[in-house]
Amino acid sequence: MMGDSRSLRPGVLFLAFGLWGIAFLARGWAAETDSTTLVGVAKLDITPSVPVQMYGYAARKTESEGIAGRLKAAALVIGGDSGDGPAVLLTVDCGAVPPSLRDQVFSRIQAKTKVKQERFMLCNSHTHAGPNLAGMASFTGTERQHLESYAQELTDKLERVVLSALEARRPSRLDWTSGSVGFAANRRVLKDGKWTGFGAMLGAPVDHSLPLLRVSDTQGKLLAVVVNYACHNTTLRGNFKQIHGDWAGAAQEAIESDHSGVTALVTIGCGADADPHPHGSVELCQQHGRALADEVKRLLSGPFKPITPRLAARSAVLQLPYAPLPPVDELKRRAANSFPIQRLLGQLERGEKLPTARDYYITVWTFGDDLAMVFLSDEVVVDYALRMKREFDGSRLWISAYANLVSGYVVSERLIGEGGYEVNNSLSALISYGRPESVQPSVEQRIIDCVRALLPEEFHKASREDGAAKR
């Protein structure tokens, strides 16, 4: 389980390979063919019914004060029960679903149907206007009770939405395409190549691509769309104290309003260093959501690339070993700018045993040689997506972050040279006790190498170019 990485870790690297297969019968008389697969979709409201402490923005100390927008969870299930079983994509309007909660949902689902770890992806929207489940342990009294009650309610609802999607499966076709949306802006302000604060750095690295997965029944009726965009869900800032799904929630509502009966799912790409621009109000959430929905409307007019129904899943647990512990005085000095190091220092002061390695989770789903979906845990900066699209076949890549676990930033070598907030609170800084530049080989290189190992040869750029040359 995600909460206990030992169950996934036989040594430095654990690879779980899904086998290619054609599943014939899932339930009833429904059968898969060479061009269709069983697909089910469902959606539930997960808005808290009581005030709760909110995620993100350390200056925000009080519980939420009303609801400005509803939170949703949606499940897309692909495939039947034979062979490797179904694949589940679960999107949740939440800052960070705790690993223990995710594990509990997975265990419940696994007890009722055949689902493998590498075929169960929980994608956090990372909205900063939702409940702070990740920080629940730091609260006491009524605030803790409210979060615990919501966590139990959310667990039940996530189980229910996945089971509903499993029950709703019917023969469907999958297609995909890609467009672009422009409201993400790199938020890292630099002076002389060094980080100085946050702002909108137009022209700095950002990923505006908007891949779209279309699900249609055998009669061509649109059932669902999944889109992915690389931008923080931080249109609403720390002075906003109401529950809301931010731009991702607004985009879902706009898409579903445009296309009656359709379920919209939003996953977040490598946008840890990108903020919505402009930001600051519910109206701007709606503006960004409308822009995304308009691009979806345009893309749905075609053309699309068909996707083979064969889904293979490969996953890895990449171990990132901790550096030797520095002197306590030095650790305290570095902790001033790093929340992760503050937590480690607290463990040390309480006499707790510090971890020896940090696990990092990577999963790749491939649909024949038509499309590869890469799922990365934590808050990943844009350089990872841009680099993968250069080094692999970017025309067939879909890259999501915030998958299954959100506990820190995953920064690139470029950002480490610039320094600043994301770097100080990154996995690289965590395992090196504040010296991310000392991690060699870099976390970036280890992750890229791991993705390369998980991607089938068909998606390596050289192999596709070689194939085109031969034709």
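This is a predicted model: local features need pLDDT of at least 70, side-chain atom pairs count only at pLDDT 80 or more; totals for chains, interfaces and linings use all residues.
Some ground rules. Local features need pLDDT of at least 70, side-chain atom pairs count only at pLDDT 80 or more, and totals for chains, interfaces and linings use all residues. Residues are numbered from 1 along each chain as its sequence is written, and side-chain values use heavy atoms, with hydrogens and water left out.

Helices first. Helices are DSSP runs of H or I with at least four residues, strands are E runs of at least two, and both are numbered from the N terminus. Take H5, residues 328-335, and H6, residues 339-349. Their axes come within 9 Å and cross at roughly 145°. The axes are lines fitted to C-alpha atoms over the stretch in contact, with angles from 0 to 180 degrees between N-to-C directions. The crossing of H5 and H6 is left-handed. That term means the near helix is turned anticlockwise from the far one by less than a right angle.

Which residues meet? From H5, Val-328, Leu-331, Lys-332, Arg-334 and Ala-335; from H6, Ile-341, Gln-342, Leu-345, Leu-348 and Glu-349. Contact means heavy atoms within 4.5 Å. By class, the H5 and H6 contact has six nonpolar, one polar and three charged residues. Here Ala, Val, Leu, Ile, Met, Phe, Trp, Tyr, Cys and Pro are nonpolar, Asp, Glu, Lys and Arg are charged, and the others, Gly among them, are polar.

Pro-340 is also in H6. Buried means under 20%, exposed over 50%, partly exposed in between, with a 1.4 Å probe and protein chains only. Pro-340 touches Asn-424, Asn-425 and Leu-430, leaving aside residues up to four places away in sequence. Its C-alpha is 8.2 Å from that of Ala-429, 89 residues apart along the chain.

Now the cysteines. Cys-123 is buried at 1%.

Last, Ser-377. This residue sits in the loop between strand S17 (371-376) and strand S18 (379-380).
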